[in-house]
Amino acid sequence: MSVKKKIIISVLCVAVIAAAAAVISLAATAKGTIVGTVTENGTNAPVAGVSVTDGRNVVKTDDNGKYEIKVWRKSHFIAITIPSGYETDSYYIPFDKSKESYDFSLDKSDVTSQTEHSFLQISDTEIGENGTGEWLDTVKEIVKENKPAFLIHTGDICYEAGLKKHIEEMNTDTMGCTVKYVIGNHDYVDGKYGEELYESLYGPVWYSFDVGNVHYVVTSFQTGSDYKSFYNKNDRWKWLKNDLENVDGDKKVVMFNHTKSPSDDYVLSFGRDELDLKEHNLIAWVYGHYHYNYVYENEGVLNISAPRPDCGGIDSSPAGTRIIRISSDGSISTEMKYYDLGKTAEPQNMNWSTKLEGNVLFCDTVYDNGFVYTATVDDDYPRICKIYCLDAENGRIQWELKTENSVKNNICIDGDRIVAMDVEGNVYCLDKTNGTVIWQNSIELGNTIGTSSAICINNGVVFAGTARTVTALNLNDGSVKWSNNRDRGENSPAEFVVCGDRLIVNSHWDSLAALNIESGKALWDNKDEDIRFRSSTPIAVDDNTLLVADDDAIMLVDVNSGDITSKTNFEEYSFSSSGKPALMDRIAYIPTSNDGIVAFDLDSKKLVWHFETGESILFTAPYAGKGKKIVESTPVIDGENIIFGANDGFIYTVNAKNGELADKRQAGSAVLGKIAVNDDKIYAGTFDGYAVCCDK
């Protein structure tokens, strides 16, 4: 055979093989297999080793940047895991059976350091058609100052109007950094299926991306969503298993979800399979949903949540944006940027001011025999929060005790002992003279995210815990007398109150409840629509009557039955303040969460006067934000006056009879706990971490 004939036959063979390959490729595509490439924008250089997913299966690109994947029957997108050193908002392509190739192009990242980097977390913005508001400008400033690798919104954008508006106002172009989203329960809206609108605007409800040596994973919220999901509860975990199997073994993993891990040990079960996230170097689970500001460690994994960026959280967490920093070795630190704490001023006309470590949140300032006691919170990690004793004369710290986590409620003094509880359920009993630990006990809280706590002492018994689980401890040695796991209610800063033989428990979004102080047995629950919103602490009018103010109502409640004997509504006021009313001569002085403080006549059921504070510089009360005049501080009756702090950063002295201003002092920052008054001095703790003293 001639050379020419051999060449012709070879060419024909190649053509036949090529045609056959094309037929096979078309046949494979028809059966659900697709192909594509991943290249670098500008150079068109192939990018190898990039994970590509159809929402279930995961493959990697070869040395030529090419991939082939068999499409999952539920696939709505073909998406890539953006590799370290690159960025793109076009990381997904809607699945279309007629599309021949799904090709991706990556830009080199502008992030200065990919190894050591940070990101911002905001959550639960719950905007409507009117948009985000002024808080978004504050977030933009934080982006500008910190240059994060990305910003992530951990869900509840919220509802149809919010979903459509949010992406217009908070995206990569408007924010100056890459913006990513997580679907929340209120982001499932009416349609063919719950995620339909979200997917059309934001893309896949689960996906992953890499920055430096960290593999970030976004998964969807499904249980309890507003509308039915297209996916079953195990679809996301089957994808996650495939995704993690394609991650380099030395990478750390950070999970994003709208809610906390469904498993406290981070072992996810689906079908007959299990996935232990700790085996894949899980270092953090970052979430929203609860409107809480809380960081805690569990089994070596940091659990990090953020409050709303624009208003107070459900547990009265201060509004803000969280910065999360990850070092080259995978260690994590966080920093809260509270809104709008930038308006904090220097204290004025103070006898002394002492800087403490942490912030003074809802802890009362207590004066006792020449000393001042308080405690601090630290919403960041690593945290430093302490119980303090200061000399009342000069503000010098006499002793301090570092606590495991934040003390977000009052401290109690009984004789020579001071008792406090942190938000992880550690109860501390100290010698008040030197801070020596007499005993320490850890109690159950009924919830791994016990962001608030309540504590009081009565006849040698310490009542401590949360709305869910209440425990009675013997003051003498810390031994447990009884414990009642109610397993209901959300956290709030409302305190426990003893009235007669009953312990009054404030169970947020649930009820006002009474337990027998000797046995812990439940005696009654009142779930009235105005009383179940339990941010405020009741006060005993007498042995048989409680004064309860919350939502938009002021109520009198029978201690023995729990029945409301009187209810007066005031639509213009919200009483969802952590402050407790003060009583004098049948007049109740009641803090509000929107407009200062009011005086209420218990007999006529009418307001005697209303005192208006300045606008808040820190937003704490649930859903209270810009323009609200919040008072979280319990008023102190001092002769003819009442004295209290406010979220505007001032300490007020107001005439109790007519509500006229007698004095006003710049404390520097929001005063959220009850102040202490002794002789001619006022003592207070401020949110920016100062204890201050001024003349009356």
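Four strands line up as E22-E53-E52-E51 in an open, antiparallel sheet; strands here are DSSP runs of E with at least two residues, numbered from the N terminus, and two of them pair if DSSP finds at least two bridges between them. E22 (352–355) and E51 (676–678) sit at the edges with a single partner strand each, so one side of each has no neighbour in the sheet. This is a predicted model, where local features need pLDDT of at least 70, side-chain atom pairs count only at pLDDT 80 or more, and totals for chains, interfaces and linings use all residues. Residues are numbered from 1 along each chain as its sequence is written, and side-chain values use heavy atoms, leaving out hydrogens and water.

- E51 and E52 (residues 681–686) pair antiparallel over three bridges.
- Across that pairing, alanine 676 stands opposite tyrosine 683 in E52.

**Serine 669**
- Look for serine 669 in the loop between E50 (661–666) and E51.
- Serine 669 is buried, at a relative accessible area of 0% (buried means under 20%, exposed over 50%, partly exposed in between, with a 1.4 Å probe and protein chains only).
- Beyond its neighbours within four places in sequence, serine 669 has contacts including Leu341, Ile617 and Phe687 (contact means heavy atoms within 4.5 Å).

**Threonine 37**
- Threonine 37 belongs to strand E1 (residues 33–40) and is partly exposed, with a relative accessible area of 21%.
- Threonine 37 and phenylalanine 104 are 67 residues apart in sequence and 6.2 Å apart in space, C-alpha to C-alpha.
- Phe104 is also among the contacts of threonine 37, as are Gly65 and Tyr102.
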